[in-house]
Amino acid sequence: MRRIDAASAKALIHSPGELAFLDVREHGLYGEGHPLLAVWCPYSRLEVMAPSLAPNPRVPVILIDAGDGIAGKAAERLEQLGYQIVMVVAGGVQGWEQAGFTLFEGEYVPSKTLGELAESAFHPATIAPETLAEWQREGHEHLLFDVRPQSEHRKMTLPGARCLPNGELPHRLSAAVPDTSKPIVLTCAGRTRSLVGAISLKLLGIENPVYGLQNGTQGWTLAGLDLDRGREPDDLPALSHTDLEASHRRGQDFARKAGIPLIGTRELGALAADKSRTLYLLDVRSAEEFAAGHVKGAIHAPCVQIVQAADRWIGVRRARIVLADDTGLRASLAAYWLKLLGYETYVLPGAEGSADTEESRFSERKSTIPPRTSQGIAPKEAAIMAATGDAILLDLRSSSEHRREHPAGSRWAIRSELNSALGSWKGRICLIGDDDKIAGLAAIDLHEMGYEDVLIVKGGFSAWKAAGLATDSGWPDPALQPIDFLAFVHDRHDGNLDAARRYLAWETGLVHRLDPQERAEFLL
C-alpha cells in the first residue's frame, strides 16, 4: 500500500486503463459528499463487497476515506485478499476538496449525471403533472407506466400507473402496447429513469408518442396531487412466441445500429480467459427468469437498475461488461447506456442456461473471507450474559434496523467505530447481526484490538426474536446521526416538499458541477 495525493489520484482515475476507485466510508458519510467516480464500498462490508465490485485482483485500486486511517486498514485487508496494487488518497475526502476538486452529494451520481446529459443531447418529450392529471380527468387516452422496480412501485406511484420497468417495457412492448397510436407516459421517482426510458423507446423507433413525466412522483406531489401507496404491481405481461420474435428483432437491429457486439459462449470464454482485464457477466432479465435458469457464473442485475445504479455492481472504470439476456433487447439497451458511461460492453443473447451455482470461470469474484476465529453462542445464553453484565452485546445491523427494534440491552456498533461502541470495556463481547460474514469481520478486528473473548450470536437477530427474547426500540441520542444513515433529502418521498425540491435541484445541477476531465468520462 502506498499513499498518493489527491492530484495524483485524480490523474490516475482519468487515465486510460482499468482502475477501481473505492470510497470505504459508511453510507451516510459517502452520501454527504464523495468524488464523482468513487464507488461506495464501506469498510464494514469490505471483504464481502470488494471481490464483486473489483473481481480482478490485478487491477489497481485507489481507496479514499475521511482522513481517519480507515483506508489504510482497508488496504491491509485487500492485500490479504490478494489485491496487488492498492493506493490510499492522503487526507481522504478533505484532501480531495483541499486540492480544489468537487465532492458530490447523494448516490449513483454518474448514472444520474448521464440521465441529465442525455436529456440535453436527445431532448425527449415531457409532460407536466398538471397536464397528465387533466388527461386523466378528461379521459384522454394514454398509457401510463411506472418504469421503476416493483418494490419501488409498491411504496408509492401515480394513480393509474402500471409497473413495467425500463428494459421490460420495450421487451414486452407487443403485449403491453398493442395500439401504436396511443401516447405513452413514463414516470419514475425523479428524473433519470423516465428520461432514459423515453429516450430508449424513441431510439428503438417506437411509433407511439412518448413522454416522460416531469420530475416523476416528486413532481406530482409538488403539483399538489396525491400518490397511491402500497398498491401491488401487476405481473409482467406474458409473451407469446410472436412477441419474443419481435423483441429479438428489435434487439438485433438496435445492437447493430449502436455498435454493440453480439457474442456467443465461445467469445465469452475468450474474454474470461484474458486475465489482464476485468470482466463482469450480468444477467439483465427479471428475477423470476434469472431464478429459472441462467448462464453459469452470471450475476443478476435487472436492466432498469444496472443503468440507474451502475456502481452497485461495477467498481472498475473502463471494464468489460457482458450483458446476458434471452432475446438480447434488454441487454442491448443496457449495453448502450453503459457504453456511454465508458465501459466496453457486449451482449450475450440466449441466456436461458441452467441455474448452476458451481464454481466457474468467474469464481474470482467470490469473496475470500478469513476463517472465523470466534465461537458461536445461543441467543438465550447471550441474553443472560448481557443482563448479568458478563458481556456487552453489540448489534451490527444497520442503524435504521437498530432504531426500529434491537435486542434489549444491546449497543449499536459498526466495524469502523468499534472503539466508540465499547468505550473502556475490556471483557467478553457478543456480536449479533443478520449476516455471519459481517459479524466475522468485526470479530477479526476485535481480536486484533486485543479482545480475546468474542462470541457471535447464532442465527442473528431473527433467532433472537424467534426465541422470544426481549427487544427495545429507539436511538440513545437523537441528536447524533449514525455514519451509515444516508440523510441526504431522505424524506423526499414522505411528504417533505422542501426535500423534494432540493433533490430535484441537485439532479438538474449535476452537469454544471463537472470539471472538463469528469465531463469527458461521459461519451455523449
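Two strands are said to pair if DSSP finds at least two bridges between them, and helices (H or I, at least four residues) and strands (E, at least two) are DSSP runs, numbered from the N terminus. The views below come from a predicted model, in which local features need pLDDT of at least 70 and side-chain atom pairs count only at pLDDT 80 or more, while totals for chains, interfaces and linings use all residues. Residues are numbered from 1 along each chain as its sequence is written, and side-chain values use heavy atoms, with hydrogens and water left out.

**View 1. Strand β11 is covered on both faces.** A residue is called buried under 20% relative accessible area, exposed over 50%, and partly exposed in between (1.4 Å probe, protein chains only). In β11, 5 of the 5 residues are buried, so the strand is largely enclosed by the rest of the structure. In a regular strand the side chains alternate between the two faces of the sheet. Here Leu279, Leu281 and Asp283 are on one side of β11, with Tyr280 and Leu282 on the other.

**View 2. Strand β2 (residues 19-23) pairs with β13, β4 and β3.** With 5 of its 5 residues buried, β2 is largely enclosed by the rest of the structure; Leu19, Phe21 and Asp23 are on one side, and Ala20 and Leu22 are on the other. The pairing with strand β13 (residues 316-317) is antiparallel and has 2 bridges, with valine 316 as the bridge partner of alanine 20. The pairing with β4 is parallel and has 4 bridges, and leucine 22 stands opposite leucine 63 there. The pairing with strand β3 (residues 39-40) is also parallel, over 2 bridges, and places aspartate 23 opposite tryptophan 40.

**View 3. Helix α4 (residues 70-80) has buried residues that include Ile70, Ala71 and Gly72.** Ala74, Ala75, Arg77 and Leu78 are buried in this helix as well. The buried residues of α4 pack against α3 (46-53), β4 (61-64), β5 (86-89) and α21 (436-448), where contact means heavy atoms within 4.5 Å. Just after α4, glycine 82 takes a positive phi of about 105°.

**View 4. Aspartate 243 in helix α13 (residues 241-258) is buried yet has no salt bridge.** A salt bridge is a side-chain nitrogen of Lys or Arg within 4 Å of a carboxyl oxygen of Asp or Glu; Lys and Arg count as positive and Asp and Glu as negative, whereas His and the chain ends are not counted. The nearest side chain of opposite charge to aspartate 243 is arginine 250, which is 7.6 Å away. Not counting residues up to four places away in sequence, aspartate 243 touches Ser174, Ala175 and Ala238.

**View 5. Glutamate 116 in helix α6 (residues 109-122) is buried, with a relative accessible area of 5%.** Leaving aside neighbours within four places in sequence, glutamate 116 is in contact with Arg191, Leu195, Glu507, Thr508 and Val511.

**View 6. Cysteine 188 is buried, at 1% relative accessibility.** A disulfide is a pair of cysteine sulfur atoms within 2.5 Å, and by this rule the count comes to 0. The closest cysteine sulfur to that of cysteine 188 belongs to cysteine 163, 12 Å away, which is too far for a bond. Cysteine 41 is also buried, with a relative accessible area of 0%.
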